[in-house]
Amino acid sequence: MTAESTDHRRLIIAGTGIAGLSAAIYAGRANNDPLVLEGDEPGGQLTLTTDVANYPGFPEGISGPDLVNEMKEQATQFGADIDHGVVESVTKLDDGRIRVACANGDVYTTDAFIAASGASARTLGVPGEDELMGYGLSTCATCDGAFFKGEDMLVVGGGDAAMEEATFLTKFADTVYIAHRREEFRAEAHWVDRVQKKADEGDIEILRNTELLEIHGSQEAGIDRVTLAQNESGYPKDNLDDDETETVEMDVGAVFYAIGHTPNTEYFEDTGVELDETGYVTVQGGDGGGQTRTAVDGIFGAGDVVDHHYQQAATAGGMGVKAALDADDYLEDVPERDAEPPQATADDD
């Protein structure tokens, strides 16, 4: 038999977005020597934002990557260890430790674990998307809408988020266009009514049975137009060869995707950590201590793995701080442990 070699850590944080790094800063200051695992999207969603103008403390704004790098440096100054590792599974062991296995084969045990692995914005995979993400294409109207004041803007989506973002963007846009691939919206009637009122006032134009085919522009000049497909029967991309499908070009200065997020919580499957129907982590909440506790002792949640409503950098940072403080309170009652003895892996002979 061969043995599985593990490295024991006092605290492990999954994710190097604002929530994870805020947790790392506080955990480091509390002498909990956190190991921070970067995951598939180092820096999180903020690295897709070229300018962050609404994060406190930066009156001139700061780029998303620069903010993340500054926070990494701050975290390491306080003792955080940052390493690459995509968390693949999390298991609560009988002795109270938490086993964390990564996709690259690294295995750790820890006394406490903070899930701050974020949520990935859903995209469409259309031409121009990769090149123009952060250069006129955004997944956060609240973050980036003000940068395109006076422009025509396109919002893609038909749910509550799309209606809310389109309504918000009317503060800045000349006209906001909403492209939805079918006739009926999925959004609640409240939001549909608000959008319809804005449409009646001329601030929003609704493009039903319409899908985005391509985004045109450059990183230097931004977005200048989009190509759309329209078919009165809906889902025009599925019917591009239909004579009833029309392809049109529209001049816009910005495009906002509002087609949902997927929380990065697959590693919590069968752990006892409670997830809602869409995969977001359920935490204790309330107005006292322990707000970020999950249903499993020693496991905490922060940022966009928990929050599917606000999804802002500043709120994620606050949740990361709460998680670090909650973890520190928990660790007060957990004795320091030496490295775990090697364990035989399940597939050993």
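These are my notebook entries on a predicted model of one protein chain.

**Entry 1: the whole chain**

I started with the overall count. The chain has seven helices and 19 strands. I then looked up its extent, and the C-alpha trace spans about 70 × 50 × 40 Å along its principal axes. Next came the radius of gyration. A compact globule of 349 residues would have a value near 20 Å, and the chain has 23 Å, which agrees.

How much of the chain is buried? I found that buried residues make up 52% of the 349. I also checked how far along the sequence the contacts reach. Taking contacts between residues at least 6 apart in sequence, 65% join residues at least 24 apart.

**Entry 2: helix α1 against α2**

I turned to the helix pairs. Two packed helices are described by the angle between their axes and the distance between the axes. Helix α1 covers residues 18-29, and helix α2 covers residues 64-77. I noted an angle of about 20° for this pair, with the axes 8 Å apart. Angles under 35 degrees count as roughly parallel, and α1 and α2 are therefore roughly parallel to each other. The crossing of α1 past α2 is left-handed.

Which residues meet here? From α1 I listed Ile18, Leu21, Ser22, Ala24 and Ile25. On the α2 side they meet Leu67, Val68, Met71, Lys72, Gln74 and Ala75. By class, this contact has eight nonpolar residues, two polar and one charged.

**Entry 3: helix α1 against α7**

Helix α1 has another partner in my notes, helix α7, at residues 313-331. Their axes are 7 Å apart and the packing angle is about 40°. That makes α1 oblique to α7. I recorded a right-handed crossing for α1 and α7.

The α1 residues in this contact are Ile18, Ala19, Ser22, Ala23, Tyr26 and Ala27. They meet Ala313, Ala316, Gly317, Gly320, Val321, Ala324 and Leu325 of α7. I sorted the contact of α1 with α7 by class: ten residues are nonpolar, three are polar and none is charged. Ile18 and Ser22 of α1 are listed in the contacts with both α2 and α7.

**Entry 4: helix α5 and its cover**

Next I looked at helix α5, residues 160-169. Which of its residues are buried? They are Ala162, Met163, Glu165, Ala166, Thr167 and Leu169.

The axes of α5 and α6 come within 9 Å and cross at roughly 35°. Helix α5 passes α6 in a left-handed crossing. Asp160, Met163, Glu164 and Thr167 of α5 meet Trp191, Arg194, Val195 and Lys198 of α6. By class, the contact of α5 with α6 has three nonpolar, one polar and four charged residues.

I moved on to single residues. Ser120 sits in strand β8, residues 119-121. Is Ser120 buried or exposed? Its relative accessibility is 14%, so Ser120 counts as buried. Leaving aside neighbours within four places in sequence, I found Ser120 in contact with Glu41, Gln45, Gly260, His261, Thr262 and Asn264. I also looked up Asn231, which is 111 residues from Ser120 along the chain. Their C-alpha atoms are separated by 30 Å.

Glu183 is in the loop between β11 and α6. At 40% relative accessibility, Glu183 counts as partly exposed. Not counting residues up to four places away in sequence, Glu183 touches Arg208 and Asn209. Glu183 and Leu228 are 45 residues apart along the chain, and their C-alpha atoms are separated by 15 Å.

**Entry 5: positive phi angles**

Last, I looked at backbone angles. Asn31 is not a glycine, yet its phi is positive, about 60°. Asn31 lies in the loop between α1 and β3 (34-37). With a relative accessible area of 61%, Asn31 is exposed.

Asp270 also is not a glycine and has a positive phi of about 60°. Where is Asp270? I placed Asp270 in the loop between β17 (261-263) and β18 (299-301). Its relative accessibility is 76%, so Asp270 counts as exposed.

Technical notes: Residues numbered from 1 in each chain as written. Predicted model: local features only at pLDDT ≥ 70, side-chain atom pairs only at ≥ 80, totals over all residues. Heavy atoms only, no water. Axes fitted to C-alpha atoms, helices over the stretch in contact; angles between N-to-C directions. Helix = DSSP H or I, 4+ residues; strand = E, 2+ residues; numbered from the N terminus. Parallel < 35°, antiparallel > 145°, perpendicular 65-115°, else oblique. Left-handed = near helix turned anticlockwise from the far one by under 90°. Contact = heavy atoms within 4.5 Å. Nonpolar A, V, L, I, M, F, W, Y, C, P; charged D, E, K, R; others polar. Rg over C-alpha atoms; globule rule 2.2 N^0.38 Å. Buried < 20%, exposed > 50% of the residue type's maximum accessible area, 1.4 Å probe, protein only.
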